[in-house]
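This report goes through one protein model, from overall confidence to single residues. The sequence and coordinates come first.

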Amino acid sequence: MRLDSPLREIKGIGTKTEQAFNAMGVYTVGDILLYFPRDYEHCPEICEIDEVKEGRKNAICVTVIKTPSVNTHSRLKTAVLDVRGDVRKLRLIWFRAPFIRSVVKAGGTYVFYGRVSVKNEQYYMEQPEVMSADAYDELRHGLRPIYSLTKGVSQKLIRKTVANALEDIPLEMEYLPEDIRVRNHLSEYNFALSNMHFPEDELSCITARERFVFDEFFFFILCMQLTKDSAEALENTFSFGDTSFAESLKKQLPYKLTGAQERTIARVQADMRSEKVMQRLIQGDVGSGKTVVAFLAMLDCAHSGYQSAIMAPTDVLARQHYQKMVKMCYDFGLDYPVVLLTGSLTAKERREACAVLENEPSALIIGTHALFQDKVNYKGLALVITDEQHRFGVKQREALSFKGAAPHIMVMSATPIPRTLAIILYGDMDISVIDEVPAKRLPVKNCVVDTSYRKTAYRFMEKEIKVGHQVYIICPLVEETEGSEGENVSDYAERLRGIFPDGIKIGTLHGRMKAEAKNQVMEDFLENKIQILVSTTVVEVGVDVPNATVMMIENAERFGLAQLHQLRGRVGRGDAQSYCILMQGDGSKEKNRRLEILNQSNDGFFIAEEDLKLRGPGDFFGIRQSGDFRFRLADVYQDAEVMSRASYEVGVLMQDDPALADAAHAVLRERLRQYAGDEYALLNL
């Protein structure tokens with residue numbers, strides 16, 4: 001069996017199970033081995049029934065007096081077993097599990113392990129695992145992996161599949177040069193792979209994770225450096241006049257630009273008039289006014305007779321940009337064609353949009369990824385603006401160059417990455433920072449509370465809704481799954497419908513929804529057809545809803561501070577006072593200290609720097625906060641030190657062997673080919 005072998009070659013995987021794994025993006029043996037746990041758990045000591053704690057996992061050891069009963073008339077085929085301590089009864093419940101009767105038998109002694117809840121003073125343990133005392137004792141000696149799941153895949157299944165795959169594949173050849181590995185105290189690849197899934201202890205887990213984090217940064221930075229020289233060498237073939245037109249536009253704006261916006265616009269103007277093609281990152285905090293900088297650059301292009309395009313991450317945001325650009329042109333008395341091109345257009349609308357692109361040299365183009373499909377042709381595209389979620393890779397740049405001259409590239413980022421890190425991650429770009437917020441914006445008022453505040457929060461939300469405002473509620477999970485901890489969108493929205501009056505419409509939004517459904521929900525929220533939107537972090541990069549004044553983030557301790565700040569930026573977009581309620585679910589004093597930083601400041605760059613100071617080498621359990629570069633494990637905040645080391649090693653390697661031609665780097669070169677995929681042929685090797 002090899003890494004590229006189909007999943008069904010692993011022992012125990014049939015067609016139905018393979019299809020369930022495919023839904024998770026897992027198709028091969030290699031995929032399952034790189035499907036790393038999202039968390040780990042220490043199994044607690046066995047306690048007495050009277051000592052179980054609500055809201056956490058408990059383990060009890062019980063000699064069963066009576067076989068569990070099964071309600072065969074229920075659709076859920078629920079199995080129930082009541083066990084008693086000296087003063088407390090605990091009800092064990094298994095849904096869709098009539099087989100429990102043959103597993104748990106009268107007279108047998110078993111360990112039951114599961115989460116305890118309390119409803120109407122009755123204690124419950126739902127879906128507990130069942131095992132012998134010896135088996136549980138063995139579990140307590142290590143860390144237990146917890147994976148993200150989908151329908152048809154359980155924790156037990158994925159653990160067994162990974163274990164079988166590790167057992168059957170041959171050892172992987174080490175690809176990192178030995179001197180790099182030794183200098184950075186990195187574990188050997190096979191040790192890291194095994195201990196990412198089944199760590200011997202916490203130190204082994206941390207060591208294994210550091211190896212994979214280093215690899216992710218190393219290959220990302222290596223790919224970036226291999227393309228940097230060719231990108232810097234691109235000649236600017238566009239001819240721009242003086243900046244008087246752009247200066248006149250600024251004077252017509254209904255507000256005064258900040259000093260940071262003025263400096264950034266000046267740098268962009270200079271770049272577009274220089275000898276080389278612009279590669280610039282515009283880094284600005286939430287609400288700092290990056291979009292107007294982009295729009296002014298686009299109008300500068302149109303005035304010089306060139307096209308420009310801005311790509312948004314969603315159809316809804318693209319439409320919002322389109323409406324703003326149309327209004328700006330109308331207000332300024334400009335007659336440039338503004339074109340919308342998204343995947344949701346009808347065939348006729350798409351043909352009409354493409355016709356404008358092919359015939360109007362001064363078109364202002366707003367769209368999604370549909371902008372860069374093969375059948376879309378431009379007439380003098382001089383500027384392409386994207387956000388960090390769609391940062392251009394070498395393949396996209398190459399595709400655009402085939403359609404004409406290489407355009408100027410501007411990337412906008414609302415992620416407050418400290419400059420030292422941004423220089424590494426965007427090493428192929430110049431960086432401008434918009435570090436001021438327009439004066440008219442009221443700062444968001446924050447509070448960090450525990451779950452006892454929830455009813456008060458609901459009353460406050462209802463009060464805000466009655467005066468016409470709207471509310472976001474953020475949950476860490478889409479739905480409840482085995483081993484999951486924290487609030488989930490599906491159940492939470494259902495609970496709210498029983499709490500708020502019928503006139504308050506509650507919508508849900510998460511990443512598993514189809515694009516059309518997500519767009520419709522956001523459209524409805526934008527138009528105030530939905531008053532409370534229960535969502536995952538998918539709203540982090542979203543449309544402006546000036547009417548939204550309250551955001552409550554459940555299980556706030558599970559998110560990184562930078563991501564919480566990004567989420568908070570969804571409110572406070574209008575003139576009304578806005579509020580962010582950070583609901584802490586676990587009561588940890590240390591995590592509360594982190595959240596207090598967010599409570600004290602609305603400055604994203606300050607928050608990012610403080611976040612870096614607080615994170616330690618073992619602080620990697622829970623939800624990753626930075627998804628900007630699609631790293632599997634790495635986090636640009638907590639792993640900043642590892643990223644710096646990877647950047648240094650790439651620099652040394654490139655200095656010694658810029659084309660990776662040395663025979664000693666053959667294995668590294670092959671791994672780079674696997675990492676870069678289709679873009680490998682375009683790397684400057």
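What is the mean pLDDT of the protein, and what percentage of its residues reach 70 or more? The model is predicted; its mean pLDDT is 86, and 89% of the residues reach 70 or more. Where pLDDT is low, the predicted coordinates should not be read in detail.

**Overall make-up**

The protein has 685 residues, of which 52% are buried. Its secondary structure comprises 23 helices and 23 strands. Of the contacts with a separation of 6 or more, 72% are between residues 24 or more positions apart.

Which residues of helix 17 (residues 489-497) are buried? They are Val-489, Tyr-492, Ala-493 and Leu-496. Viewed down the axis of helix 17, these buried residues fall within an arc of 95 degrees, so they line one face of the helix. An α-helix has 3.6 residues a turn, so residues three or four places apart point the same way. The partners against which the buried residues of helix 17 pack are helix 16 (454-466), strand 19 (470-474), strand 20 (506-509), strand 21 (532-535) and strand 22 (548-553).

One of these buried residues, Tyr-492, is also a partner of Glu-554: the two side chains make a polar contact at 2.6 Å. Glu-554 sits in the loop between strand 22 and helix 19 (561-568). Its relative accessibility is 1%, so Glu-554 counts as buried. Leaving out residues up to four places away in sequence, Glu-554 touches Arg-454, Ile-473, Ile-474, Pro-476, Glu-487, Tyr-492, Phe-559 and Met-583. Of these, Glu-487 is 67 residues from Glu-554 in sequence, while the C-alpha to C-alpha separation is 6.6 Å.

**Helices 12 and 18**

Two packed helices are described by the angle between their axes and the distance between the axes. For helix 12 (residues 315-332) and helix 18 (residues 515-526), the axes come within 8 Å and cross at roughly 45 degrees. This angle makes helix 12 oblique to helix 18. Helix 12 contributes Asp-315, Val-316, Arg-319 and Gln-320 to the contact, and helix 18 contributes Asn-519, Met-522, Glu-523 and Leu-526.

Asn-58 lies in strand 3 (residues 57-63). The side chain of Asn-58 reaches the backbone oxygen of Arg-56 at 2.8 Å. Neighbours within four places in sequence aside, Asn-58 is in contact with Cys-47, Val-52, Lys-53, Phe-112, Tyr-113, Gly-114, Val-116 and Met-125.

Arg-645 is located in helix 22 (residues 640-656). Not counting residues up to four places away in sequence, Arg-645 touches Asn-184, Glu-210 and Phe-214.

Is Arg-645, at 18% relative accessibility, buried or exposed? Arg-645 counts as buried, because the cut-off is under 20%.

| Residue | Relative accessibility | Class |
|---|---|---|
| Glu-554 | 1% | buried |
| Asn-58 | 5% | buried |
| Arg-645 | 18% | buried |

Note on methods
Residues numbered from 1 in each chain as written. Predicted model: local features only at pLDDT ≥ 70, side-chain atom pairs only at ≥ 80, totals over all residues. Heavy atoms only, no water. pLDDT = per-residue confidence, 0-100. Buried < 20%, exposed > 50% of the residue type's maximum accessible area, 1.4 Å probe, protein only. Helix = DSSP H or I, 4+ residues; strand = E, 2+ residues; numbered from the N terminus. Arc of directions from axis to C-beta. Contact = heavy atoms within 4.5 Å. Polar contact = N/O pair within 3.5 Å; in protein donor to acceptor, adjacent residues only side chain to side chain. Axes fitted to C-alpha atoms, helices over the stretch in contact; angles between N-to-C directions. Parallel < 35°, antiparallel > 145°, perpendicular 65-115°, else oblique.
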